[in-house]
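Here are a few notes to read with the model open beside you.

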Amino acid sequence: MLKVPEHQVAGRQAIDGKLGPLIDNSGHFYKPLQDDDERGTRELTFYHSFSSNTRIPHHIRRFFPVFHGTQLLKASDGSGLRPHLVLQDITSDHLNPSILDIKIGSRTWYLEASNDYIQDCFHKDKTTTTVSLGFRICGLQIYNELGFWKPGRKLVRNFTADDVRSVLSKFVSSNVGPEPDCCFADSVYGGCDGILERLLELKTWFEDQTMYHFRSCSVLLLFDKESFLKGKTPFAEVKLIDFAHVVDGNGVIDHNFLGGLCSFIKFVSQVLADSKGSTMEDKF
């Protein structure tokens, strides 16, 4: 039985008769390929390339959703059978997850794209924190005992640098009010298995890898705040998603993604340092 993803925070959604992804109860995420759009073909090409690429370190593969091929399914918009990417449903192992979708890079377009697409991306990049910070928040949901705080897309698109700091603080707080307590920051962002250490692991790879350039790709952060509230050990993850605009690296480091990732790491590091009331050693 296929259904609309409950915890999708950004991207096209399969609601109101629109084409969007679906999930099942077996941990699979079905992303439709569009007939008149090269993005689906580009993303499928990337997954085939990445899955068979023996130069990808094993510890890096865990940052990417597992690819299970493609499958013909009835599209959510009622247009009939359509090929779908079959991917790992990243949220299936989480109960009421808090999620941040961060689009990385100060430039989300690529030279091979159409002029209309480039102009659209250029406008979004310039009017959000993409250009100024090297990344932008695309969507989020933060769990609390009353449910989820899930601001609308228009509000998210207008986030400033101060708003980004506030959201990163609320993400690891027991409250989502104007003065977040950051009481979970050390456990979620810090430690050898924390989000910051995993981001630094990704950074190390991007400092060397020249196989792919990840345009308009997102880093997804998620963890179960409810586990904390119930006194249990949290389960935090870092994943890369959305590869419809990946292009060949041609032997050149992806400075656009690397620069945005470094900027985002600084923001996370500062929230962690502020929660401890001290200054962390600059690791980058």
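1. Let's begin with Arg 82, which counts as buried because its relative accessibility is 10%, under the 20% limit for that class. Please bear in mind as you look that this is a predicted model. Arg 82 has its place in strand β4, residues 81-88. The side chain of Arg 82 is joined to that of Ser 79 by a polar contact of 3.3 Å.

2. Next, have a look at the loop between β10 and β11, where His 245 is found. With a relative accessibility of 7%, His 245 counts as buried. Which side chain does the side chain of His 245 make a polar contact with? The partner is Tyr 117, at 3.0 Å. Leaving aside residues up to four places away in sequence, His 245 touches Arg 39, Arg 42, Tyr 110, Tyr 117, His 213, Arg 215 and Ser 216.

3. The loop between β10 and β11 (246-248) also holds Asp 242. Its backbone is worth a check on your side: Asp 242 is not a glycine, yet its phi is positive, at about 70°. At 28% relative accessibility, Asp 242 counts as partly exposed, because that class lies between the 20% and 50% limits.

4. Cys 182 lies in the loop that runs between α6 (161-171) and α7 (185-188). Is Cys 182 buried or exposed? Its relative accessibility is 14%, so Cys 182 counts as buried.

5. Now to the helix packing, starting with α8 (residues 195-206) and α10 (residues 255-276). Their axes come within 10 Å and cross at roughly 160°. The two helices are therefore roughly antiparallel to each other, since angles over 145 degrees fall in that class. The crossing of α8 past α10 is left-handed. On the α8 side, the contact is made by Leu 196, Leu 199, Leu 200, Leu 202, Lys 203 and Phe 206. They meet a set of α10 residues that includes Phe 257, Leu 261, Phe 264, Ile 265, Val 268 and Leu 272. By class, the contact of α8 with α10 has 13 nonpolar residues, one polar and one charged.

6. Helix α10 also packs with α6. The axes of α6 and α10 come within 10 Å, and they cross at roughly 55°. What is the orientation of α6 and α10 to each other? They are oblique, which follows from that angle. Here α6 passes α10 in a right-handed crossing. From α6, the residues making the contact are Ala 161, Val 164, Arg 165, Leu 168 and Ser 169, and from α10 they are Phe 264, Phe 267, Val 268 and Val 271. Sorted by class, the contact of α6 with α10 has seven nonpolar residues, one polar and one charged.

7. Last, a surface position. Thr 233 is found in the loop between α9 (225-229) and β10 (237-241). Its relative accessibility is 70%, so Thr 233 counts as exposed. How far apart are Thr 233 and Gln 88 in sequence and in space? They are separated by 145 residues in sequence and by 23 Å from C-alpha to C-alpha.

Methods. Residues are numbered from 1 along each chain as its sequence is written. This is a predicted model: local features need pLDDT of at least 70, side-chain atom pairs count only at pLDDT 80 or more; totals for chains, interfaces and linings use all residues. Side-chain values use heavy atoms; hydrogens and water are left out. Helices (H or I, at least four residues) and strands (E, at least two) are DSSP runs, numbered from the N terminus. Buried means under 20% relative accessible area, exposed over 50%, partly exposed in between (1.4 Å probe, protein chains only). A polar contact is a pair of N or O atoms within 3.5 Å; within protein, one must be able to donate a hydrogen and the other to accept it, and residues adjacent in sequence count only if both atoms are side-chain atoms. Contact means heavy atoms within 4.5 Å. Axes are lines fitted to C-alpha atoms, for helices over the stretch in contact, and angles run from 0 to 180 degrees between N-to-C directions. Angles under 35 degrees count as roughly parallel, over 145 as roughly antiparallel, 65 to 115 as roughly perpendicular and the rest as oblique. A crossing is left-handed if the near helix is turned anticlockwise from the far one by less than a right angle, and right-handed if clockwise. Ala, Val, Leu, Ile, Met, Phe, Trp, Tyr, Cys and Pro count as nonpolar, Asp, Glu, Lys and Arg as charged, and the others, Gly among them, as polar.
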